[in-house]
Amino acid sequence: MTALFVALPGNDLMADKLASLCGGERGGIETRQFPDGETYLRFRVDPTGRDVVLVSTLVHPNEAFLPLAFAAGTARELGARQIGLVAPYLGYMRQDQCFQPGEGVTSRHFAALLSQICDWLITIDPHLHRYRNLGDIYTIPASALHAGSVIADWIKHNIGTPFIIGPDEESVQWVSEIARDCGAPFAVLHKRRLGDRDVRIAPDGLNNIREATPVLVDDIISSGETMLEAIRLVKSLTTSAPIAIGVHGIFADGSDARIEAAGVTLVTTNSIPHASNRIDVANLLALAISKQLRRYSA
Ligand code: R5P
């Protein structure tokens, strides 16, 4: 029997695409809130004996987790054969170290919770900074795909003379790959984060930017402060309007509007639904899902 693709609220578009690309069936769930805020959930298609793929981007993980856990638990109870989770954006990855005594390393706790409810996980560019790979914290098979090639493709088709810029040292991993795939020069800036919404960036490596279109690429745009600080710097060096690309556009506190108000074209992948989605990661995900379904069934 074909796999059943089930969207958690807000994930219908991606689940439709994935079901169609993987030749699966689109299975719905009904969810609503009781007057006290608790969640009601019912499978519309029987998952008994089926391979179930739950699709839930984890951009607001606190709200997303319980419905996801209920969907996985219900599928398990009803006799699903395997339960996979496709989370195009995986939250809680940035809290990967105890910076102050007593702090929770919540990336580990979140990984433990997800590992309990699903049989495997597929995501895109999780924030792997201090962890080598997802296996450091996940106890289920967990694959981290890279959006670098689809981003490079978009740049090649849409920007004549790009100069790729990573706003901080952590971005070197994706910026160098994208620049290589586009045959473009690149620079990685040096960032100091002084607070959740306070970052400073030094202008290293931007000497030859004048003749090119600056293309800033970051994995996550959340408060937008990293991107905005890099944009301020780039705009002081060139009159070309910059492009800002985020793999995952979270846009906390309306940062999308602030970035666009700076005269910048905002581009994101559809790992999180947003008006700036120009780069489709569905094919990338579908390939990995098909492989994982085969592997699990073998
Ligand atoms: C951090 O190192 C990441 O790569 C991003 O630069 C960061 O998460 C962006 O966050 P914000 O938009 O809040 O500055």
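**View 1. Isoleucine 83, tucked away in a strand.** Isoleucine 83 counts as buried because its relative accessibility is 0% (buried means under 20% relative accessible area, exposed over 50%, partly exposed in between, with a 1.4 Å probe and protein chains only). Isoleucine 83 belongs to strand β6; helices (H or I, at least four residues) and strands (E, at least two) are DSSP runs, numbered from the N terminus. Aspartate 153 is 70 residues from isoleucine 83 in sequence, and their C-alpha atoms are 32 Å apart in space. Before moving on, a word on the model: it is predicted, local features need pLDDT of at least 70, side-chain atom pairs count only at pLDDT 80 or more, and totals for chains, interfaces and linings use all residues. Residues are numbered from 1 along each chain as its sequence is written, and side-chain values use heavy atoms, with hydrogens and water left out.

View 2. With 0% relative accessibility, isoleucine 155 is another one to call buried. Leucine 18 sits 137 residues from isoleucine 155 in sequence and 24 Å from it in space, C-alpha to C-alpha.

View 3. Which residues are closest to the ligand? Of the 15 residues that surround the ligand, the closest are Arg94, Glu170, Asp218, Ser223 and Thr226; a residue makes the list if one of its heavy atoms lies within 4 Å of the molecule. The shell splits into eight charged, five polar and two nonpolar residues (Ala, Val, Leu, Ile, Met, Phe, Trp, Tyr, Cys and Pro count as nonpolar, Asp, Glu, Lys and Arg as charged, and the others, Gly among them, as polar). At least two shell residues come from each of β11 (190-195), β13 (213-221) and α6 (225-235). With four residues, β13 gives the most.

View 4. Threonine 57 lies in the loop between β5 (51-55) and α2 (61-77). Its relative accessibility is 9%, so threonine 57 counts as buried. What does the side chain of threonine 57 reach at 2.6 Å? That would be the backbone oxygen of serine 271. The side chain of threonine 57 also reaches the backbone nitrogen of tyrosine 89, at 3.0 Å.

**View 5. Two loop residues with positive phi.** Tyrosine 92 is not a glycine, yet its phi is positive, at about 65°. Look for tyrosine 92 in the loop between β6 (82-87) and α3 (106-117). Tyrosine 92 is partly exposed, with a relative accessible area of 25%. Phenylalanine 251, also a residue other than glycine, has a positive phi near 55°. The loop between β14 (243-249) and α7 (255-261) holds phenylalanine 251, which is buried, with a relative accessible area of 9%.

Key: Polar contact = N/O pair within 3.5 Å; in protein donor to acceptor, adjacent residues only side chain to side chain.
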